[in-house]
Amino acid sequence: MKEYQQKQLLERVNREGATVGADIPDRITVQGEEVNLREFVFEIKRRDTIPPGEHDRVERAKKNLRRERLQRLQRIERNEVTYEEGETLVESIVGIDRALNALEQLRPTDLEREAKAQQAADQKRWMKFLRQALGREDANKPNRR
């Protein structure tokens, strides 16, 4: 592959908005393992949040996708492929980026932790109310004379 072709491919990968309109690949080989990537992403995304039991699986998938993306990009950077192979790699890299974007937008849900945080906040508000009601609100603060 010629140098200008290589630069052209790398520019397509790094272009702002490269994933706009890009499709998540149906199937992709990630770290030597065949993955139904589109199905996995839509299965997780359909829930809008990452269930506690799925958090490790999603994090592992994101890590493997990032690693696979880097390896594919490095093949282009090292000029180890033909231009046609590079175009295929670019399409797959953009598809991986699209999948990663979708997975990154999800927020983990830990209902137990959220409930404890809510309970702690409620207790803190209650104690503040009691201190104010009993006239002790300023007792914990230093005098400003």
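This is a predicted model: local features need pLDDT of at least 70, side-chain atom pairs count only at pLDDT 80 or more; totals for chains, interfaces and linings use all residues.
Residues are numbered from 1 along each chain as its sequence is written, and side-chain values use heavy atoms, with hydrogens and water left out. Local features need pLDDT of at least 70 and side-chain atom pairs count only at pLDDT 80 or more, while totals for chains, interfaces and linings use all residues.

Side chains of opposite charge can pair when their charged atoms come close. A search of the whole structure finds 13 salt bridges, each being a side-chain nitrogen of Lys or Arg within 4 Å of a carboxyl oxygen of Asp or Glu. The table gives some of them.

| Salt bridge | Closest N and O atoms |
|---|---|
| Arg15 and Glu11 | 3.3 Å |
| Glu59 and Lys62 | 3.0 Å |

Glu59 and Lys62 both lie in helix 3, 3 residues apart, which is about one turn of the helix; a helix here is a DSSP run (H or I) of at least four residues, numbered from the N terminus. Lys62 counts as buried because its relative accessibility is 5%, whereas Glu59, at 31%, is partly exposed (buried means under 20% relative accessible area, exposed over 50%, partly exposed in between, with a 1.4 Å probe and protein chains only). Glu59 and Lys62 also belong to a network of salt bridges that links them with Arg66 and Glu104.

Glu68 lies in helix 3 as well, which covers residues 55-77, and Glu68 is buried at 10% relative accessibility. Leaving aside neighbours within four places in sequence, Glu68 is in contact (heavy atoms within 4.5 Å) with Thr29, Val30, Gln31 and Ile96.

Terms used. Helices (H or I, at least four residues) and strands (E, at least two) are DSSP runs, numbered from the N terminus.
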